[in-house]
There are 6 protein chains.
Amino acid sequence: MTRSDGRRPDQLRPVTITRNWLAHAEGSVLVEFGATKVLCAATVEAGNVPRWRKGSGLGWVTAEYAMLPRATGTRSERESVKGKIGGRTHEISRLIGRALRACVDFKVMGENSIIIDCDVLQADGGTRTAAITGAFVALADAVAWMRANEVCLGDPLVNSVSAVSVGIVGSEPLLDLCYEEDVVAETDMNVVMTGAGAFVEVQGTAEGAPFGRDQLNALLDLATAGCAELARIQAEALGRDLPGSGA
Amino acid sequence: MTRSDGRRPDQLRPVTITRNWLAHAEGSVLVEFGATKVLCAATVEAGNVPRWRKGSGLGWVTAEYAMLPRATGTRSERESVKGKIGGRTHEISRLIGRALRACVDFKVMGENSIIIDCDVLQADGGTRTAAITGAFVALADAVAWMRANEVCLGDPLVNSVSAVSVGIVGSEPLLDLCYEEDVVAETDMNVVMTGAGAFVEVQGTAEGAPFGRDQLNALLDLATAGCAELARIQAEALGRDLPGSGA
Amino acid sequence: MTRSDGRRPDQLRPVTITRNWLAHAEGSVLVEFGATKVLCAATVEAGNVPRWRKGSGLGWVTAEYAMLPRATGTRSERESVKGKIGGRTHEISRLIGRALRACVDFKVMGENSIIIDCDVLQADGGTRTAAITGAFVALADAVAWMRANEVCLGDPLVNSVSAVSVGIVGSEPLLDLCYEEDVVAETDMNVVMTGAGAFVEVQGTAEGAPFGRDQLNALLDLATAGCAELARIQAEALGRDLPGSGA
Amino acid sequence: MTRSDGRRPDQLRPVTITRNWLAHAEGSVLVEFGATKVLCAATVEAGNVPRWRKGSGLGWVTAEYAMLPRATGTRSERESVKGKIGGRTHEISRLIGRALRACVDFKVMGENSIIIDCDVLQADGGTRTAAITGAFVALADAVAWMRANEVCLGDPLVNSVSAVSVGIVGSEPLLDLCYEEDVVAETDMNVVMTGAGAFVEVQGTAEGAPFGRDQLNALLDLATAGCAELARIQAEALGRDLPGSGA
Amino acid sequence: MTRSDGRRPDQLRPVTITRNWLAHAEGSVLVEFGATKVLCAATVEAGNVPRWRKGSGLGWVTAEYAMLPRATGTRSERESVKGKIGGRTHEISRLIGRALRACVDFKVMGENSIIIDCDVLQADGGTRTAAITGAFVALADAVAWMRANEVCLGDPLVNSVSAVSVGIVGSEPLLDLCYEEDVVAETDMNVVMTGAGAFVEVQGTAEGAPFGRDQLNALLDLATAGCAELARIQAEALGRDLPGSGA
Amino acid sequence: MTRSDGRRPDQLRPVTITRNWLAHAEGSVLVEFGATKVLCAATVEAGNVPRWRKGSGLGWVTAEYAMLPRATGTRSERESVKGKIGGRTHEISRLIGRALRACVDFKVMGENSIIIDCDVLQADGGTRTAAITGAFVALADAVAWMRANEVCLGDPLVNSVSAVSVGIVGSEPLLDLCYEEDVVAETDMNVVMTGAGAFVEVQGTAEGAPFGRDQLNALLDLATAGCAELARIQAEALGRDLPGSGA
């Protein structure tokens, strides 16, 4: 089977990671998975943590995900205009935050925060996995900034994360679904893994028929390979080995 | 290893499903997983579907999850008072809705809606999985009501779902975590399965260290057995074979 | 005249008060007036009072009333989903709070708060009066907890309250209206009284024709007898004389 | 006993009702009870009723109460800025609406609405009772406008209402409390009566000690006389007998 | 050309400024530009400034503008009921605040705030310019109050402001548009000037055809004369020379 | 005087207009004024207009302006998270909408809408004027799309608009302020002009000392020249003469 864009089932879309896309942010990345473009901006808040964390000596990392209204084929109303954040936005913001927190030793980080804003400029499937993959690089740059500015002394980055979507389309397991594939997938799974190949998050959903253990295994195999390739691209973009990769 | 409440690692808490707990709802269930108590109320809205579904001839099933303020050890502020729904509430409501929709043939259901309200009266871990397990039974009763009242003619229920949490605590995989176990789990996974043993949703998160493929497999094994036992309890509560179970 | 459920005009519905319905709350009661079921949970916040009360040495008691969406014959939208609390909810929460505060010596209570959550699980008329009657018992248990835990030293409970609805249906004054009677009542009155028989709150509204002084007097007579009977049931549930009852 | 402003216990403050205070509204009144000033503006919405009333052939009357931020001694934040309406505002708006609806035959009114906006320009106690008393006159003018413009044919006004506060201050029952008296009252009651002397609403609250039946009776006597005097002032302002007054 | 109300093109409507309209506010003015009536209430918050200004030694002045629902020919929904403030309200509140801040030396004022509430009781065009013109007088009275009460020692008022609208109607430049003129104006401009004749704010908008430099100049000439006349009326109302006027 | 970035007082920053920056939108432009980057996306809603415009035969154009959280030197909280839109956002959205509507003949456009989303990716002063200048080009592309797809038949574009900021810094009038200049400007003015050199909007504010007529004239001269240059750049980007330019 050939995919609509000519890829093999186990092939990622072209992935590019452009660092320092913004002038002001302590770390910023424009990440592209094919036509999906997400701008990831990391803000360091030195000496500031959420109220429930004050006095703990521990840092915090959080993320906010959003889409520009016309990132998609039809315009969606702004959540600021609606006056509330939708369930999907909440869910993805929480997912990105959890993934990034798996990379950080909060004791070494000290009572400082990093907020990663992931704004989807253009969407073509896989926005959350592109966001996580790009956000890690922005996080790494923000951590480097903290160390250069002596906001924290040691290296709080202990792991890296990348993420990819996999799914079953017409009974075939595919890696890194584009929007056209995503809407017809029977099963859709997002997998977040460390650079060392361990799982941070597995979220699989039967959109059509429920799936068996064999299909689940096939999807996990695809995702494992895809995340490894993404980790390689992240390392290349950063120009150094990823933390926790054992390299 | 013995668990704090004396269970074996692969043992569910005592599960009870009380049907017709409410007088008004078309289906209602009080489901208990140990000390976790969730009231599931199914409302049939005959002839009504969301706007984007009107004229399609298809039905709809949705769910809303919430916790009473003092369901937990410390009181949490009401979301109605805060004026907005939190990310966790959104996320769980969406999860329950997806799980239930996996059970329904919307063409047979016709342009009618069922809303399942899952209100946690008391929380001791596993509220979302208890909610799904109970909500399915309330859904089945609401569907029976629809058929008895000729709101729909055929049987739209094509599958059943139950759900259970699994996790790794002190390196050991455990089934159906109570709150005390949940807060110390390194990995936490919620699994939704059909009565026939296929996956509808798998959501695993590394709370502490990332997890390997072997651990993932051990958790999936535990969840598969747990969901099968829950399906048996659902069938017993309903007094009949579950749809799609091949029985 | 016989009422739809066979009661005499001056007869309460069967009233049950189940204490300790919840595991976590410092006081909790499931109160039932016929088919009306309200869960009252009292939370003690030791050392915490609203901002405007800090430093005063005085305590505070407040209440929040809400209905589950399917407590009623047709489902009502959640106020958390609407993003705001309706006028009726506000009004009843304020009424319950005022009633409970009439029972407390805030100086003896010290700078501590008690919040009573009254969640209607099932509604069949008289939810606010059932809530007040049950909430007092939950309050008494929470106060006992405070004393046992030495959060406050003396006994801050100086009065008890119970409440009942009365109304004129088909020209006849009736005690404790069920929903069916409530919707056709010409006049509807809620009365909150102490165990010693004094008035804490009287709220009467002409739903149909305005009412005369004689009718008002007949309703007050019914309510006085009804509240006395409810006070007796409260004392029985608590297993002791009510504060301020002179017993 | 002499009151702070020299009044007798059973004496109203000077009451003035200025009709046609606004150019645009179909009825408008500036009502003053001493230093309390409320602007009541009636808007006729011909051919429009709330959705749940459409097709019924019946009209509707509703009210909205609000205070300007500096109506009071210290400035209060705007509810529009807070983004939500407080419980007190909700409660009073609902009270005014109920009181006015007691005056109207909705069948004669036809499917038309009247909205009465009661904005407190200056507050010195009794704002809700002044609002009801003034709003009735604005309603009467709006109804006259409807008849003059043939929006409705017969006369839908079947009753009049006025309202007054009464309370117990230092053990003495007083009529029409000013702010200074209101804050120290042990019991506070608002009474709405028709021009013919029947009760539309009675709302009494023990702010300090609970009150007995005798005190309740004394307050009702005061209120009855006060409302009768207010009805006389309303009739004078309108230059005609009040509807339902039997005159 | 004669205008609908008989004025010359360069003629203001009758302007009246009534000081001390409210009992509680530190400064209050009812300002009328023809049928437009705005109530301006100044509140002094001694020792309080916005958070971002604390510790600066500097004061702050801000304004809030709003319209009563029936200030206009057709009723508009309350912003408190809608739960949010509209763009027009925001914009005008900000404009009034900026205009008033141009009058104040914040160092002399010290860390104190003044809030000016401008509530439109009746609207007939020019509500924002009437509000600014009246608000200045309320501000001057509030400042006098501060000095009399030794909240600040020196005189922080260094300028005065007044404002007027100008516009092009049927190709003719007109001063101080009423509503009837405003809705048909091709160009609409609001001009805020000091008593000494300098510009504080110029906001011109082409509602129909874009306008040329000549038309802009003609409008500025009209506004300059109009503001000078308004400054004279302000001085008369205050009974003294305006600050910064060089008199 | 030389400016911080070496420009002459009457010199624009480098301006680039990149068309078709997004794949989905009917018109899209990335506009850059120096380091200020705004993404303008035009959405055509064929056959749809706001409710108050339905049945009029007339079209509508509106705009929404927003900033990404880290467009600026310090991160600002998302308006979607705050649950409301701020005054500045409202004001600028309204300004852009008015400017664009000055370009369109709504009768020729027919009952169709265009929404222009202007999202600031990076801010360095002049975001609103860059937005207007870019939004016009996106609008022109969206109109071309409408004509190509026969959504409207004639050409509804009758004017072009561009916009620039001017201000007085250290007594000197400057064109196109960057952020560093903007924060110290005594007077700040935004001017919107047609390609033919007429004014659509003039908004000048004294941030420090009020300004005289001479200064106003000097600023208008600068703006007139700046807008003409921007119109030239727009024409170049579009590859054709601007509508209404008389060319």
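Q: Why is F:Cys178 called buried in this predicted model?
A: A residue counts as buried when its relative accessible area is under 20%, and F:Cys178 has a relative accessible area of 5%, so the residue is called buried.

Q: What makes C:Cys40 count as buried or exposed?
A: The cut-off for buried is under 20% relative accessible area, and because C:Cys40 has 0% relative accessibility, the residue counts as buried.

Q: How many disulfides are there over all chains, and what is the position of C:Cys40?
A: With the limit for a disulfide set at 2.5 Å between sulfur atoms, the count over all chains comes to zero. C:Cys40 is accordingly in no disulfide, and the nearest cysteine sulfur, which belongs to C:Cys118, is 4.1 Å away.

Q: Why is C:Arg98 called buried, and where is the residue found?
A: C:Arg98 is found in helix H2 of chain C, which covers residues 87-101. Its relative accessibility is 19%, and since buried means under 20%, C:Arg98 counts as buried.

Q: Which residues is C:Arg98 in contact with, leaving aside its neighbours within four places in sequence?
A: Contact asks for heavy atoms within 4.5 Å, and on that basis C:Arg98 is in contact with C:Glu201 and C:Gln203 in chain C, and with D:Glu91 and D:Thr205 in chain D.

Q: How do you know that the span of helix H6 of chain C agrees with what its residues should give?
A: Helix H6 of chain C, residues 213-238, has 26 residues that should span 38 Å at 1.5 Å a residue, and because its end C-alpha atoms are 37 Å apart, the two values agree. The helix is followed by C:Gly239, whose phi is positive, near 70 degrees.

Q: What is the span of helix H6 in chain D, and what comes just after the helix?
A: Helix H6 of chain D, also written as residues 213-238, has 26 residues and reaches 37 Å from its first C-alpha to its last, which is close to the expected 38 Å. Just after this helix, D:Gly239 takes a positive phi of about 70 degrees.

Q: How do you know that chain A and chain F meet through the same surface?
A: Of the interface residues of chain A, 100% are also interface residues in chain F, so the copies meet through the same surface. The contact takes 33 residues from chain A and 33 residues from chain F.

Q: How much area is buried between chain A and chain F, and which residues of chain A lose the most?
A: The area buried between chain A and chain F is about 2800 Å², with carbon and sulfur atoms giving 54%. In chain A, the residues that lose the most area to chain F are A:His24, A:Arg70 and A:Arg75, together 25% of what that side buries.

Q: What makes the meeting of A:Glu26 and F:Arg70 a salt bridge?
A: The rule asks for a side-chain nitrogen of Lys or Arg within 4 Å of a carboxyl oxygen of Asp or Glu, and the side chains of A:Glu26 and F:Arg70 meet at 2.7 Å, N to O, as a salt bridge. Across the interface of chain A and chain F the rule finds twelve salt bridges.

Q: How do you know that no contact joins chain A and chain D?
A: Contact would need heavy atoms within 4.5 Å; no contact joins chain A and chain D, and their closest C-alpha atoms lie 11 Å apart.

Conventions: Residues numbered from 1 in each chain as written. Chains lettered and ligands numbered in written order. Predicted model: local features only at pLDDT ≥ 70, side-chain atom pairs only at ≥ 80, totals over all residues. Heavy atoms only, no water. Helix = DSSP H or I, 4+ residues; strand = E, 2+ residues; numbered from the N terminus. Expected span 1.5 Å × (residues − 1). Buried < 20%, exposed > 50% of the residue type's maximum accessible area, 1.4 Å probe, protein only. Buried area = accessible area lost by both parts, 1.4 Å probe.
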